[in-house]
Amino acid sequence: MTAHDWFDEHLTEYAMRLLDDKDTATFEAHLSSCAGCRDEIERVERDLAWLPMGAEPAAPRPGLERRIVHGVLGGVPAHASRWWLPALLAAGLLLAVGGWWSGSRRVAAEEAELAAARAELAALQDTLSVIRGAGRVLQASVEMNGAHGGMLIFADERTHRWNVVVHGLPPAPPTGRYQFWFICEEGMVRGREVDMPGARPASFTTGMPTVPCTVKGAALSVEPMDATSGPPQGSMLAHLML
Amino acid sequence: MTDSAGRAGERRGPVSTSREASLLRRLVARDEQALVELVDLATPWMLGVAQSMLRDVDEAEEVVMEAFRTAWRNVSDVQHEGRGLMPYLLKVVRHRSIDRLRSRRRRQLKLARVATETAGHGTVPAVEPDEAGQPGWHVHRKVHEALRRLPDEQAAAVRLAYFEGLTQSEVAETLDIPLGTVKTRLRLAFVRLRTELSGLKDWVP
């Protein structure tokens with residue numbers, strides 16, 4: 001066994017971040033002088049690049065995407081889109097003459113606000129396009145712990161998307177969460193988690209399931225917190241058939 | 001009205017190599033709308049990776065946010081490396097999740113939980129349709145098929161080590177088998193997975 005055999009043996013584990021801290025440090029020290037191992041690690045990473053997609057996807061909580069866009073553009077001041085770049089440059093020049101420090105801070109803040117507003121606008125346009133294009137509106141009453149609410153679906157038959165509004169329900173119990181379902185001929189297909197933060201209605205836009213199925217309706221349930229896959233396990237609150 | 005998944009997929013637009021390349025070019029040009037599109041496409045998958053490792057929704061969201069920040073900052077490097085946006089984002093999310101797992105000393109808690117969950121099933125859980133209207137199911141299905149074809153004992157080791165973020169020693173402890181056995185199982189599994197998955201190049205069939 002040569003001194004290099006240990007590195008050959010542990011190369012994949014290193015690439016997959018499975019080694020403990022001590023072995024990782026040993027490997028990293030070796031990599032600085034071994035082009036062969038560096039190349040092989042790149043090949044391993046390339047071959048297994050899609051392996052993380054084996055994890056079940058998770059439905060983002062309402063508003064997460066908007067917060068991400070805001071956070072990314074706010075954390076690192078975004079450059080302006082090209083069509084207003086000249087205006088920004090001119091504004092920057094004026095600010096440099098008139099007081100560059102306070103001015104540049106204001107521009108950065110405005111850029112972040114603009115980016116957030118754009119993301120918000122894109123989301124609103126998307127929602128409105130579904131509501132305006134809806135060929136059918138479906139409604140079901142929902143009762144939860146004495147509260148009377150409802151679930152509405154604006155079904156856009158042209159784009160096969162729905163805008164779903166859930167209203168009048170209390171926040172989910174500490175041990176559970178509201179879950180939207182597609183009722184398919186083949187069985188129940190999990191949709192998005194519905195976050196009811198307070199008195200305001202929750203709404204979201206969804207496409208049809210990408211798994212092969214024929215959608216016949218929709219349902220809302222309260223699922224146990226740890227039931228993140230599989231068929232419904234909790235109490236069914238509403239059913240809507242198309 | 002009867003809707004089919006296929007039509008919904010068409011409306012959203014497939015994430016083909018060319019679309020991803022176009023997204024990448026626009027991100028390099030600092031097009032903020034491209035960022036919005038990328039976040040919409042990639043978040044459920046990134047969140048899935050982070051949540052399966054961290055078991056904490058708030059922390060998983062933070063990791064996903066960090067990954068997008070990193071990608072936005074280093075998007076030119078991603079373009080030069082030529083590995084694709086999605087693999088890059090998944091890699092960053094996974095590595096950040098591992099860093100958090102290790103730095104926050106949550107292992108004992110996690111080990112206890114995983115040990116309980118492992119009892120009764122030694123294989124990777126079956127795929128259930130979990131997220132509606134999301135591109136990427138094709139890749140998800142292919143990866144799951146590859147994982148399902150592994151012998152049960154190898155699949156269990158991969159699940160704990162790769163998808164749950166345990167070190168090999170922790171996997172050995174959890175499964176109550178020698179460390180050498182864990183290493184062998186993982187090595188054999190990854191050789192097989194490399195063969196099966198190296199042909200995957202795209203988000204769509």
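Predicted model: local features only at pLDDT ≥ 70, side-chain atom pairs only at ≥ 80, totals over all residues.

Student: How many residues of chain A and of chain B are in contact, and what area do the two chains bury between them?
Tutor: The contact involves 74 residues of chain A and 78 residues of chain B. On the chain A side, A:Arg17, A:Trp50 and A:Met53 lose the most area to chain B, together 13% of what that side buries. Carbon and sulfur atoms account for 61% of the area buried between chain A and chain B, which is about 7,200 Å².

Student: Which element gives the most to the side of chain A that touches chain B?
Tutor: Between the chains there are 18 residue pairs in polar contact, both residues being at pLDDT 80 or more. Elements of chain A that each supply at least two residues to this side include helix H1 (5–15), helix H5 (85–132) and strand E7 (214–224). The residues of that side divide into 37 nonpolar, 16 polar and 21 charged. With nine residues, the element that gives the most is H4(A).

Student: What is the count of salt bridges between chain A and chain B, and which residues of chain A pair with B:Glu61?
Tutor: The count between the two chains is eight salt bridges. B:Glu61 lies in helix H4 of chain B and A:Arg67 in helix H4 of chain A, so this pair joins two chains; their closest N and O atoms are 3.4 Å apart. B:Glu61 also forms a salt bridge with another residue of chain A, at 2.9 Å between the closest N and O atoms. The partners are therefore A:Arg67 and A:Arg61.

Student: Where does B:Arg100 lie, and which side chain does it join in a polar contact of 2.5 Å?
Tutor: B:Arg100 belongs to helix H6 (residues 85–103) of chain B, and its relative accessible area of 11% makes it buried. Beyond residues up to four places away in sequence, B:Arg100 touches B:Leu54, B:Glu59, B:Glu62, B:Val63 and B:Glu66. The side chain at 2.5 Å is that of B:Glu66.

Student: Which residues are linked with B:Arg100 in a network of salt bridges?
Tutor: One salt bridge runs from B:Glu66 to B:Arg96, with the closest N and O atoms 3.4 Å apart. B:Glu66 is in helix H4 of chain B and B:Arg96 in helix H6 of chain B, so the pair ties together parts that are 30 residues apart in sequence. B:Glu66 counts as partly exposed at 23% relative accessibility, and B:Arg96 is likewise partly exposed, at 27%. The residues linked with B:Arg100 in the network are B:Glu59, B:Glu62, B:Glu66 and B:Arg96.

Student: Why do the buried residues of H2(A) line one face of the helix, and what do they pack against?
Tutor: The buried residues of helix H2 (residues 21–31) of chain A are A:Asp23, A:Thr24, A:Phe27, A:His30 and A:Leu31. Down the axis of H2(A) these residues fall within an arc of 125 degrees, so they line one face. The face turned away from the buried side carries the exposed residues A:Asp21, A:Lys22 and A:Ala29. The buried residues of H2(A) pack against H1 and H3 of chain A.

Terms used. Residues numbered from 1 in each chain as written. Chains lettered and ligands numbered in written order. Heavy atoms only, no water. Contact = heavy atoms within 4.5 Å. Buried area = accessible area lost by both parts, 1.4 Å probe. Salt bridge = Lys/Arg side-chain N within 4 Å of Asp/Glu carboxyl O. Polar contact = N/O pair within 3.5 Å; in protein donor to acceptor, adjacent residues only side chain to side chain. Helix = DSSP H or I, 4+ residues; strand = E, 2+ residues; numbered from the N terminus. Nonpolar A, V, L, I, M, F, W, Y, C, P; charged D, E, K, R; others polar. Buried < 20%, exposed > 50% of the residue type's maximum accessible area, 1.4 Å probe, protein only. Arc of directions from axis to C-beta.
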